[in-house]
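Open your viewer and get ready to select a few pieces one after another. At each stop, you will hear what to pick and what is there.

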Amino acid sequence: MRVLLVQDSTGHSTGYHVVARALRDAGIEVVLGGALLPREIARLAGEEGADAIGYRIMDAAPAILVARLAEALAAAGLADIPVVVGGIVPQEDLGRLAALGVACVFQPGATFAQIADGFREVGAAAASRRASMP
Amino acid sequence: MYDPKVIADIARAQAAYESRVREILAEAGVPAASTQSGLPLKTLYTPADVGDLDYRRDLGFPGELPFTRGVQPTGYQTKEWTRRQVVGLGTAEETNARLRYLMSQGQTGFSVCGMGYANYDSDSEHALGFVGRGGVWIDTLADIETLLDGIDMRAVTVNQIGSSIPVFAMILAVAEARGIAPGELRGTIQNWAEPGGEGPARRGNGSVDILEYCARHMPRWNSASVSVRNTRDQGCTAPQEVAFGCFLGAYSLAAAVGRGLDAERVAARLSFFLSAENDFLEEVAKYRAMRRLWARLVRERFGVTDSRSCALRFHVQTSAINLSRQQPLNNIVRSALHALAAALGGAQSMSVNSFDEVLATPTRAAATLSLRTQQIIAFESGVTRVVDPLGGSFCVEALTGQIEEAAASLLGKLEALPDRDAFDFMEELTRDEAYRRQQAIDRGHVKVVGVNCFTDWPDDDTDQPRIEPLRYDPGWRDKQIRRLEDARRRRDPARASLALVRLEGAYRARENIVSPMIEAVKAYLSIGEIARAREAALSESFRPTTWNFGR
């Protein structure tokens, strides 16, 4: 499995790097995209053939960024790439993120195992969706 | 400090005691103890553990070399630490209102986050979703004018978080408009030298420009608040925090000397920004160890003779990495303990994190509670009446020595590396530690109350106080764009374009950028315009580093 890991800004990036290493240790291939705009994330996800996008959001409003990412992915015909969000996500945004198609949200307190399992499940679900498509 | 005969006698008795302790612990299956940072801990400390301390040489008196016991002869008796809660939300209007409220409640310092971090204007694609969320948003001088409105810059010291030179210039421009000369201004800018710039003078290196400008024009301003607090919060250990801080401080001092500045003068205006974490005794020892290591380093390396230039002065912002989203009220207790360690460690200035900061930008009530935490420690706990009250504890003195030794050894390793490699190595070590920390929590080796133990929390709402985190207002961006458009409309276009040309020329010539920047911001050029001018002049895209924003 190949995960594109990106973030909204370069500040406070501990979680980003720690999760990257945890995913690699769990046998998942990680492409570090760094801090990118939503449209840049969509483009890179296509170029890298990512099976999932892990989006660390710390500084910005998650629902605003994810809405832009969802739009950019749809425009690029990549809407089937699942998006996983990590970071501090306000309670009121959880429903909005789910409505935007976010597969999974990891907040502070998530363990390495939970995050790696979460990515695997999301990747497997996306693969089976693709397989069942005509 | 002690009679060697007495020490030898204690050491013999201690050896017998320790072997008994080892047996009991082995039988009980208790593993060897260590500090949070992994330094070995004993069950008990005695004079034999600190028998080689020379009181005058290693501890001395507060206000005297090597400053182990503090930098002020009277500690907090004559000078309280500055209550400097960090503030930053929405536009300059919201942040100014919050600041003024906190000042009415006893806050004594200015510290604002978010200023000039982004290098884009609020109307840019890059700002969408960001404006006002991770701190205040600043576009032009008009925003800093609003931010400082009603705040007496002669009475309140300004701490600039981030090293944005445009923002620094805006602060100076507001002072000038109020008739305050740079030489009178008291405050601090987060800064340290990073590799870059050609030759020993490091021309074109913005961090050195700040050091130079301050050394020449601002004798009462701290030209570098060397921040290792955020590095600590990214995962590194206490000895690493000390070593990285001393490395960055010495590196900055050397860069200033390379620019032709006087080491003594620059050293007198270096300050530090440190963390306060969970392991209480280790943290207190850390501040003491760093004061001693820094004083010796400045004196021996740079030949500084005025002892005041060797004194390590620091601000503490309590740890965020140790706060939990789960059971957030527990964070009140954690932050209070962190703050108590900082007070016992002799901090000059403090910001206590709010319990809801792990959920959102703190509410006004939560920020006030953080201020109250500082005030309760200062006025009720009694710990401020005695200077360095934990000094002389066999344990704290032993830990102080251990941290100093570990930090000095790491500092030696860092200094043996080429500049860029040393900076990369600090990042690598920090990431390794961050990974280990999370692993230790996941495995239950480190207990976090409410996260991996004692996780039950009553579901019944009536049993717990309601916590309502601050909600992000997307309208802040619209408001900020209006402020930006207004500033652009009101400015003198001829003056703005002239200042822009002058600024580009200064970048190309690699002049000290601070003076032309002051002219640029006074012409109401925006941070985005300034950043684009810089990119054009230097033919390089602007890449902010993680902790030196906006240079």
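Start in chain B by selecting strand β2, helix α4 (residues 141–147) and strand β3, which together make a right-handed β-α-β unit. Right-handed means that, with the strands pointing away from you, the path from the first strand over the helix to the second runs clockwise. Helices (H or I, at least four residues) and strands (E, at least two) are DSSP runs, numbered from the N terminus.

This is a predicted model: local features need pLDDT of at least 70, side-chain atom pairs count only at pLDDT 80 or more, and totals for chains, interfaces and linings use all residues. Residues are numbered from 1 along each chain as its sequence is written, while chains are lettered from A and ligands numbered from 1 in the order in which they are written.

Select B:Ser111 and you will find its bridge partner in β3(B), B:Asn159.

Next, go to the loop between α2 (55–59) and β1 (82–83) of chain B, where B:Pro66 lies. A cis peptide bond joins B:Leu65 to B:Pro66, with omega about -5 degrees. B:Phe67, also in the loop between α2 and β1, has a positive phi of about 65 degrees although it is not a glycine.

Definitions and conventions:
Pairing = 2+ DSSP bridges.
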